[in-house]
Amino acid sequence: MQVQVDNREFKEFSKKRPGGARGAISYADSIFLHSKIQNVEPKILVEIGIAAGISSATLLYSMQKLNNNSQLYAFDLMENCFFDLTKEVGFAVEHMINKDFAEKSYFKKVPSSVFDFHNYFDLNSIDFMFIDANHRHPWPCIDLFASLPYLKEGSTVCLHDINLPQRNQKFPNYGVKNLFDKLDGVVKDVSEEEIPNCGSIIIKDKENIREQIKSIYKYCNWEEKLQPEVLSKLETIGLLNYNNQNS
Ligand SMILES: C[S@@+](CC[C@H](N)C(=O)[O-])C[C@H]1O[C@@H](n2cnc3c(N)ncnc32)[C@H](O)[C@@H]1O
């Protein structure tokens, strides 16, 4: 069920978006996230991939509407924006969200990644997750696979750039598309656009999803060679190295 968004109010919020935020979610993506959050009413939210923080601000706006003491934990490998190292990741939040609300609801964890979740979350505790990090295969698989133990049964995961190669020919990266399109028998939804770029899945039957991700991870074309420190972490969560496929 999609919740009706108050477009006028949402447009006013979106106007606060600072200029120069590269790689950020679009207005249509924001509406999709907002609608999902109003529908799911999550208490513990997680984001992987902060950059400027347009998605962080959107999630926080939506959480403020819910007024349910929810918390957003946002992870990024970088402390500063990849497109402007003079700016901290998440800088958009102070332009778009009330300071008091951000202070009590927004917890930036940088530099860090999905491999640090064990420091912050109990098993089966996350209600909602948004992934917008490395789009090259197999990274989206890694992010979702490593998150699974911490996601609640019935939780919602939104993925950004599910049609990245179609939307932007400068980025022919199929990582998110592979994962979203190939997950089978999972409840999915997409943003309302001709070529949607934001999608959601419901996490039900984790063991089934786990096995499917393993297969997608293994058999799709690897677009990135993983660093040795990542490979050693993968072993601990039960994913193998298939780097030989792309070298
Ligand atoms: C496309 S940008 C995110 C844009 C952001 N969601 C927004 O709407 O403003 C991707 C971000 O993911 C981060 N990133 C890339 N790989 C990552 C990983 N494995 N774990 C955590 N963050 C990662 C990058 O440093 C970058 O800041």
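Visitor: Why is Asn69 called exposed?
Guide: Asn69 has 9 other C-beta atoms within 10 Å. Exposed means 12 or fewer such atoms, buried means 20 or more, and partly exposed lies in between, with C-beta atoms placed from the backbone. So 9 puts Asn69 in the exposed class. This is a predicted model: local features need pLDDT of at least 70, side-chain atom pairs count only at pLDDT 80 or more, and totals for chains, interfaces and linings use all residues. Residues are numbered from 1 along each chain as its sequence is written.

Visitor: Where is Asn69?
Guide: In the loop between H3 and S2. Helices (H or I, at least four residues) and strands (E, at least two) are DSSP runs, numbered from the N terminus. H3 spans 54-66 and S2 spans 71-75. Asn67 is in that loop too, with a positive phi near 55°.

Visitor: Why is Asn67 called exposed?
Guide: Asn67 has 8 other C-beta atoms within 10 Å, so it falls in the exposed class.

Visitor: How do you know that S3 and S4 pair?
Guide: Pairing needs at least two bridges found by DSSP. Two bridges join S3 (residues 80-81) to S4 (residues 84-88), so they pair. The strands run antiparallel. Cys81 stands opposite Asp84, and a hairpin of two residues links S3 to S4.
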